[in-house]
Amino acid sequence: ADIVFLDVGQGDCVHLRTPSGKNILIDGGGSEDYDTGKKILLPYLLKNGADEVDMAIVTHLHQDHYGGIASLCRLMPVKNLVVYGANALRKETILAETGLDEGALIYAAAGDRIFVEEGIYIDVLYPESQSTEVYQQLLADEADENHCSLVLWVYYKGVSLLVTGDMGFDGERLLMELCSGSAQEKLKSDILKVGHHGSRFSTGDEFLEAVGPRVAVIQVGKNNFGHPHPDVIEKLSKKDIMVLRNDHNGAILLDIGKRGVSLRTML
């Protein structure tokens, strides 16, 4: 498939595979007591003909987004790792956890565009670049990690996907302020990767109106957090948005062609 929402349990992982054979990962799941990189990502990629990753983008450094990527970097060539600019202050830790060379790290913030190949690119919508002093304050408060999730607008051959990491209501409000006026069209997306695994504290009505997705994907596994919350499922259903979730549907695969998108699931 061209885009795969991989089932990594309670975590996020999106795989983009391009016509020229490039492999891009956005997040990679992870758990304190399970090596997601070794046991899920590596065999999945090898089975699907990928012996290297051209780029891994981590929305933020919580274990269920970053752990699998850190592990995979030690097991398979990963050419570049993209993180939010604040993480330049964590450079030594990231290099130690991934085994990457410093030159493989790319720091991103709102306004950056990652060109993948013709017809495929990724725009970083949030958060904005800040001063070193502000970055230090953000990193000192673990609670700010979710607020600093990279928000990515993926354009793939005419199909758009919005990836919001673990962004909650406050982050959604800030994002809409940042993308106000004509820039708000940038939020419009065919597919929404629902924020924070369907937490009750994300995916507000105003945000859903701004994005206007046809399909919502909830990357969630067995958990004790009540994810996804029934309120979120109800909001999506009332807006006639198709809901797919890894815990019920397994991997979610999108094939993108001239006639549009075909969708498959695979348990």
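## Packing of helix 3

Contact here means heavy atoms within 4.5 Å. In this predicted model, the buried residues of helix 3 pack against helix 2 (63–73), strand 5 (81–84) and strand 6 (105–108).

Helix 3 spans residues 91–98, and its buried residues are Ile94, Leu95 and Thr98. Viewed down the axis of helix 3, these buried residues fall within an arc of 100 degrees, so they line one face of the helix. Glu92 and Ala96 are exposed and lie on the face turned away from that buried side. After helix 3 comes Gly99, with a positive phi near 75 degrees.

Arg17 belongs to strand 2 (residues 14–17). Arg17 is buried yet forms no salt bridge: Asp2, the nearest side chain of opposite charge, is 6.5 Å away. The side chain of Arg17 does, however, reach the backbone oxygen of Asn48 at 2.8 Å.

When neighbours within four places in sequence are left aside, the contacts of Arg17 are Ala1, Asp2, Lys22, Asn23, Asn48 and Tyr156.

Val151 lies in strand 9 (residues 151–156). Its relative accessibility is 0%, and Val151 therefore counts as buried. Beyond neighbours within four places in sequence, Val151 is in contact with Asp123, Val124, Leu125, Tyr126, Leu162, Val163, Thr164, Met167 and Leu175.

Val151 and Arg214 are 63 residues apart along the chain, and their C-alpha atoms are separated by 19 Å.

Conventions
Residues are numbered from 1 along each chain as its sequence is written. This is a predicted model: local features need pLDDT of at least 70, side-chain atom pairs count only at pLDDT 80 or more; totals for chains, interfaces and linings use all residues. Side-chain values use heavy atoms; hydrogens and water are left out. Helices (H or I, at least four residues) and strands (E, at least two) are DSSP runs, numbered from the N terminus. Buried means under 20% relative accessible area, exposed over 50%, partly exposed in between (1.4 Å probe, protein chains only). Lys and Arg count as positive and Asp and Glu as negative; His and the chain ends are not counted. A salt bridge is a side-chain nitrogen of Lys or Arg within 4 Å of a carboxyl oxygen of Asp or Glu. A polar contact is a pair of N or O atoms within 3.5 Å; within protein, one must be able to donate a hydrogen and the other to accept it, and residues adjacent in sequence count only if both atoms are side-chain atoms. The arc is that of the directions from the helix axis to the C-beta atoms.
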